[in-house]
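Subject: Structure handover

Hello,

Here is the structure I promised to pass on. Please open it before you read the notes below.

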Amino acid sequence: MKNVHLIQHPIAQARLATLRDKTTPHPEFRRALGQLGLHLLHEATADLAVKQKRVRTPLGPAPATVPAREILLVPILRAGQGLITLADQILPEARIGYLGIARNETTLQPEGYLEKLPARLGRFDVFVVDPMLATAGSAIAAGQLLQKRGAKHLRFIHALAAPEGLRALRRAFPKNQIFTAALDSHLNENGYIIPGLGDAGDRCFGC
Ligand code: PRP
Ligand code: URA
């Protein structure tokens, strides 16, 4: 599927196995989610626009390549935070903006409750981060809000996706890249991904 990247690295898949396992306790779940986040971030930044510059080594000038734009990670609270707990290890330069969006459990509609973003979003490569792409209501709401605030270079990072959510996100953002470690079977009548991993936020934070 165009612009959809399924991350099948064996170690990423091993972390996903830990996340799916219902006997995984929350400290281990949280660690595995952070580690999977590293794989996804690594893949999602692989073809970032770059610029050339020169640096001085102790022995003389050398050409160097660095990202052309600043990097902004935008985890959707709560569970998105779990996917970026280790991001510092590969993206120490990233800024982190927060969107609080809770899915109404009856209507399945996203309800925003927090927005903390830097100004002038057009200067960033922006990554919307949320482990679960279920109906995609939350990711679409986040993407639309970020575009309204000026974001131009937007990518989506998920641990796993339902086909219904992936289709909806692609319809809303046909030109933006989407990264996920799994494409699952379907959504159940409560909007949960099957087989999925359960409630990502509750499993990650233990409540
Ligand atoms: C979960 C998940 C996503 C959303 C996905 O969040 O972390 O944000 O549901 O569902 P959607 O694709 O149908 O919108 P939830 O609302 O349970 O909040 P939480 O992370 O605070 O637990
Ligand atoms: N949110 C979750 O945490 N899990 C799902 O399966 C769907 C939405």
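This is a predicted model: local features need pLDDT of at least 70, side-chain atom pairs count only at pLDDT 80 or more; totals for chains, interfaces and linings use all residues.

Start with the ligand. Ligand 2 takes up the space of the largest pocket. Around ligand 2 you will find Arg103, Met132, Ala134, Gly191, Tyr192, Ile193, Gly198, Asp199 and Ala200. Sorted by class, that shell holds five nonpolar, two polar and two charged residues.

- Isoleucine 193: a backbone N or O atom is 2.8 Å from an oxygen atom of ligand 2.
- Glycine 198: a polar backbone atom is 2.8 Å from a nitrogen atom of ligand 2.
- Alanine 200: a backbone N or O atom is 2.8 Å from an oxygen atom of ligand 2.

How much of ligand 2 does the protein cover? On its own, ligand 2 has 240 Å² of accessible area, and the protein covers 88% of that.

The largest pocket has a volume of about 620 Å³. It is lined by 31 residues, and Arg103, Met132, Ser138, Tyr192 and Asp199 are the closest to its centre. By class, the lining has 16 nonpolar, nine polar and six charged residues.

Which helices and strands each supply at least two residues of the lining? The strands are β4 (70-77), β6 (98-103) and β9 (132-133). The helices are α3 (79-83), α4 (137-148) and α6 (200-205).

Best wishes

Technical notes:
Residues are numbered from 1 along each chain as its sequence is written. Chains are lettered from A and ligands numbered from 1 in the order in which they are written. Side-chain values use heavy atoms; hydrogens and water are left out. A residue is near a molecule or strand if one of its heavy atoms lies within 4 Å of it. A polar contact is a pair of N or O atoms within 3.5 Å; within protein, one must be able to donate a hydrogen and the other to accept it, and residues adjacent in sequence count only if both atoms are side-chain atoms. Accessible areas come from the Shrake-Rupley method with a 1.4 Å probe; for residues, only the protein chains shown count as cover. On a 1 Å grid over the protein atoms alone, a cavity is a set of points where a 1.4 Å probe fits but cannot get out, and a pocket is an open set with protein on both sides within 12 Å along at least five of seven lines; lining residues have an atom within 4 Å of a point. A molecule sits in a cavity or pocket if more than half of its atoms lie within 2 Å of its grid points. Ala, Val, Leu, Ile, Met, Phe, Trp, Tyr, Cys and Pro count as nonpolar, Asp, Glu, Lys and Arg as charged, and the others, Gly among them, as polar. Grid points are joined across faces, edges and corners, and a volume is the space filled by probe spheres set on the points. Helices (H or I, at least four residues) and strands (E, at least two) are DSSP runs, numbered from the N terminus.
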